[in-house]
Amino acid sequence: MRTVFVNGEYLPETEATVSIFDRGFLMADGVYEVTSVLDGKLIDFDGHLARLERSLAELDMGKPDAFDDLLEIHRELVRVNGIDEGLVYLQVTRGAAADRDFAFPDPDEVRPTLVLFTQSKPGLADSAQAKQGIKVISIDDIRWGRRDIKTTQLLYPSMGKMMAKAAGADDAWMVEDGKVTEGTSNNAYIVTGNRIVTRHLTNDILHGITRAAVLRFAREAQMEVEERGFTIEEAKAADEAFVTSASTFVMPVVEIDGQRLGDGTPGPVARRLREIYLEESRKAAI
Ligand code: PDD
């Protein structure tokens, strides 16, 4: 039985509740973060906290009361739940007003809801899937226009995952105006020769915390990085591809829309970047 955190209290998961009037439930009026845990320590925590603060500000949502204690709460949940490898999920919503209403409630009267829980994932770093690589399909990107804000509006990404499964693949890459935006829950990259290409940062994609670290490590390792959109045709013709996120780190992609990349096994750039990312982020974990 997990211990979770809800609005200031550590509780057994079965006793933790949120109102049916919570705007997270009624309106998907919420934002979230997922921070990975390796060796019982938090990876890229400062980046996740900074992005959370930005998401809240962009939506004019107040900070939860415990905002300044978030590092301590993350650490306490990791400790009491004995997490060695896994994730900490955090969600903030605009809270529960007295009734359903499209207008935002008065922030002085309705406080944001804050929920955190851990997910134990042994083998997250030494992942069998990372050794094999994943298969992706392409789908239309029909999400809203502010994908830079990490909201809990995850129905379409969830449908995308199901479309991928139905096609015998692992994930979907979303395409808008002919160019790949990102994966359902990760940033997307292709590699040709020594050059890594990934979409530039705008409101069209989430500004991945793992992306920022991986691109920094790639540049430090003298790899060439180009931040621009790319087509599915270009991706299919690439030497290799991969995705990044807090839950997968660097995950090689070996097939796109049924087309194998290279020899159909994880490429050297993706493997090397996964190694560097794991090594460096373990060192910097808090
Ligand atoms: N997803 N793009 C999207 C749409 C995402 O949902 C995520 C993260 C990323 C990668 O961001 P980061 O490197 O900061 O994790 C990119 C998380 C892991 C999730 O929804 O579970």
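Q: Which element gives the most to the lining of the largest cavity?
A: Rolling a probe the size of a water molecule over the atoms shows where empty space is left. In this predicted model, helix 2 contributes the most to the lining of the largest cavity, with four residues. Strand 3 and helix 2 each supply at least two residues of that lining.

Q: Which residues line the largest cavity, and what is the volume of this cavity?
A: The lining is made up of Glu33, Thr35, Phe45, His48, Leu49, Leu52, His74 and Leu90. The volume is about 50 Å³. By class, the lining has four nonpolar, three polar and one charged residues. With a threshold of 30 Å³ or more, the count comes to one cavity.

Q: How much space lies in the largest pocket, and which residues are the closest to its centre?
A: A pocket, unlike a cavity, is an open set of points. Here the largest pocket holds about 1,200 Å³ of space. It is lined by 46 residues, of which Tyr32, Lys150, Thr184, Ser185 and Asn186 are the closest to its centre.

Q: Which elements supply the lining of the largest pocket, and how do its residues divide by class?
A: At least two residues each come from strand 3, helix 2 (45–58), strand 5, helix 5 (155–166), strand 9 (179–183), helix 6 and strand 13 (240–245). Helix 5 provides the largest share, six residues. The lining divides into 17 nonpolar, 17 polar and twelve charged residues.

Q: How is the second largest pocket lined?
A: About 200 Å³ of space lies in the second largest pocket. Of its 15 lining residues, Asp44, Arg216, Ser281, Ala284 and Ala285 are the closest to the centre. Helix 2, helix 6 and helix 8 each supply at least two residues of this lining, and helix 8 gives the most, with four. Nine of the lining residues are nonpolar, two are polar and four are charged.

Q: With which residues is Ile196 in contact, leaving aside its neighbours within four places in sequence?
A: Ile196 is in contact with Tyr189, Ile190, Val191, Ala218, Met223, Glu224, Val225, Glu226, Phe242, Val269 and Leu273.

Q: Is Ile139 buried or exposed?
A: Buried means under 20% relative accessible area. Ile139 is therefore classed as buried, because its relative accessible area is 8%. Ile139 belongs to strand 7 (residues 134–140).

Q: Which residues does Ile139 touch, not counting those up to four places away in sequence?
A: Ile139 touches Tyr156, Gly160, Met163, Ala172, Trp173, Met174 and Val175. Ile139 and Gly183 are 44 residues apart along the chain, with their C-alpha atoms separated by 9.7 Å.

Definitions and conventions: Residues numbered from 1 in each chain as written. Predicted model: local features only at pLDDT ≥ 70, side-chain atom pairs only at ≥ 80, totals over all residues. Heavy atoms only, no water. Contact = heavy atoms within 4.5 Å. 1 Å grid on protein atoms, 1.4 Å probe; cavity = no way out; pocket = protein on both sides within 12 Å on 5 of 7 lines; lining within 4 Å. Points joined across faces, edges and corners; volume = space filled by probe spheres on them. Nonpolar A, V, L, I, M, F, W, Y, C, P; charged D, E, K, R; others polar. Buried < 20%, exposed > 50% of the residue type's maximum accessible area, 1.4 Å probe, protein only.
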